[in-house]
Amino acid sequence: MCAKAVAKKAAKKVVVKKTPAKAVVAKKAPKVAGSKADKDDNEKVYGDYDLVVVESPSKAKTIKKYLGKGFQVVASNGHIKDLPKSKLGVDVKDDFALDLVPITGKKDKIERIQELAKHANQIYLAPDMDREGEAIAFHLAEEIGKKKSIHRVVFNAVTKTAVKNAIDNPTELNQPMYDSQKTRRVLDRLVGYKISPILWDKVQRGISAGRVQSVALRVIVEREDQIKKFVSEKWFSIQGELEKKGINFEVRYYGEEQGKKTELDGNAGEKLAKSVLADIKGKPLKAIEVKKKERRQNPTAPFTTSKLQQEAANKLGFTAKRTMMVAQMLYEGVQLRDHGLQGLITYMRTDSVRTEPEAMKSVRDYIKKKYGKDFLSAEEIVYKKKGTSKVQDAHEAIRPTNLEFTPDEVRGDLDPDQQKLYELIWNKFISSQMSQAVIDQTTVTFEAGGHFFKSNGSIVKFPGFRTVYLDSLAEKQSRKNEDESEESEEPKTGLLPDISEGESFAQKKAIDMEEHWTSPPPRFNEASLVKALEEDGIGRPSTYAAIISNIQDRNYVEKIENRFVPTELGNVVCKMLVESFPDVMDIEFTAKVEELLDKIEEGDVSWKKVLREFWKGFELTLEKAKDEMKNLKKQSIPTGVHCRKCADGEYQIKWGKNGQFLACSNYPDCNSTEDFKKSLDGVITIIEKEFAKDPCPTCGKRLAIKKGKYGKFLACEDYPQCATTLPFTLDVQCPLCKVGKFAEKKSRYGKLFYGCSNYPECSNAMWTKPYAFDCSACGHPVMGEKFTKKNGKQLECPKCRHRVDIADTPFHVDEESGEIMEEAAE
């Protein structure tokens, strides 16, 4: 019997309870089989109830606790409908009609929600309060039907007060917001589904283009081009050390005039520097001006999404993706030992710097009580976001939901990542309403031989907000650049002795010159890339993590020393797209699209009008690109590397179905091919082949270990004369069929797993690397590799979950020698 039939049958059953007033028919919500995530959803419900539908199971659990009896809370697990994967799903000829279908695996979930809705009195749709959440709400309403009373509820924080207030004051579905989401989805689909097949034909099958991700790739590629074109130039500095009353302080050359700085650039700078040193050799430096001023430093606003991602990258080393995953958990609810499930932060996808009045009063009361009146700003500090768009300012800034849950209070209940991010959000929010920091800054100007030198010193007179939060260097630099006044510069730390005008100082450490070279702009890291995307208007803060992950997953960029570097594939694809699709790849055009999406959401622009105008130009560009885009598959790039197999051949870079490789220029007379890697300065290094222990079963020659689309495999070295290929297997026998061995494979999403080589006869598989080691708890002959920050590397039994430290097994790796220590069993 199918799940739907079971649900129908269950729906007919009723339980009758008699009360003194009247008999009440209690409706029983049907139970439909589903995944483990649905376990709480499938609990039997008796009596009248209202239905609340949210996005995630963890949020459903938290909200269920707050609402209590009389409510059934179910999770949609994200989107339930989308454009089909197998076809375009957008009829451009029928005014962009959409063919939305249930997402694979969501049929049971939809039926479960429909059945619960059928027996509910009121239905509250409570997905997230952004465009994607609004689309989910519309799709749920479509599947539930119009027979029921459906409401839209939104809340900025998953707290008891916020949730109950939202239920008590429901709103209606927001059509313009949904139109904006549809526009974004259609634009992404048109670009991806129309450009990607051209890239398959011209470059490599399986690669893709994206409306936003391709422009983000361009930002990285253009930065790399700037670095390659950069010509370093020589410049000089002059500095020395003076001393008074045991306090040493640095002095630096300023210029030839007291009020004008002189740059020591190039050969002329070197000549002047040597002249200055000759003029002041052995001479004392006289203090001719002492300036003391009090500088006040203001706190900064609570976090927006992008600022949180940047600070988490700079201070915690988190990627944007990791930051958003942890923030999502803090928002949806964490189990606290003394308080149960609690949502700890407000909604984490926001461009707003606002704080609600109630939270403002709460934080100011907290500061006054915790730190004292002097540390509280005299008036409420009202922060304003840049730009004029109202859309992204709809939510509050990211802040703690309840100041009773201090970082110390929740310590031990949060995992390390959650604790670090929560403390960052907490400290930023508290500091945002604290008093200014007061810094005493002293600048002394010295003169010697007609040349002028300066020394700076500062001391924090009153720490103010700095007691709680110090901005990262990147944030300080950003604020300095925004304020053009010289007084905004962050003074050098350090204390100067008390110096009076007219005093002279001998050179404790002889003043000398130092040679420097200008540096190219740095490659982007996580924080600076997010900052660049935000400044250029590429995507939205909620999409930055996905954008960065996508261009890495597609092998367009890689991380080297925590910096993003475009791969050869990324370089080629980017430049071909810029040439063939100048509008789509244009940064200003992409930013304009984001503005149009905002206007659609505000109800100022028709979504279909935006799509019509985009398609009109894009369709013409597509046809032109099909004919004119270069075909890399037919091109060869000379390398100057001699062939290893023949006497006069040279390796050339060619493109195959798995990417680039080296092939001999004498092909087909010489079929030598090699894998290679390219350094940042363009040097090509051949990757030496690895060979399996066993010979080729067909011809007896060696089997080379190769990497393909679905992971490692073995191929005869005499290819194409011998085309034998075999799966790459570990020396671990499958415990299920006892015939095959575990082979390293990749899933369709690129995730590594280990499956039995006897597939399809045996479908046994493991997500972790298997080891032939008997579990001491249940005797299972295979255990899997497990790594956690807390316990390090261990082996875990896939059957009973018993764990053992890797150090207690024959597979322990000696860290000093790097060799496997195999202990002989006696």
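How many residues does helix H4 have, and what does it reach from its first C-alpha to its last? In this predicted model, H4 runs over residues 131–144, which makes 14 residues, and reaches 20 Å between those end atoms. That is close to the 20 Å expected at 1.5 Å a residue.

Let's stay with this helix for a moment. Eleven of its 14 residues are buried, so H4 is largely enclosed by the rest of the structure. Among the buried ones are Arg131, Glu134 and His139, along with Ile136, Phe138 and Leu140. Just after H4 comes Gly145, with a positive phi of about 95 degrees.

Now for the wider setting. The chain has 826 residues, and 46% of them count as buried. It holds 19 helices and 39 strands. Of the contacts between residues at least 6 apart in sequence, 63% link residues at least 24 apart. The chain exposes about 44,200 Å², with carbon and sulfur atoms supplying 49% of that area.

What about the cysteines? Searching the whole structure turns up zero disulfides. Cys775 is in none, and its nearest cysteine sulfur belongs to Cys800.

Methods
Residues numbered from 1 in each chain as written. Predicted model: local features only at pLDDT ≥ 70, side-chain atom pairs only at ≥ 80, totals over all residues. Heavy atoms only, no water. Disulfide = S-S within 2.5 Å. Helix = DSSP H or I, 4+ residues; strand = E, 2+ residues; numbered from the N terminus. Buried < 20%, exposed > 50% of the residue type's maximum accessible area, 1.4 Å probe, protein only. Contact = heavy atoms within 4.5 Å. Areas by Shrake-Rupley, 256 points an atom, 1.4 Å probe, with all protein chains shown as cover. Expected span 1.5 Å × (residues − 1).
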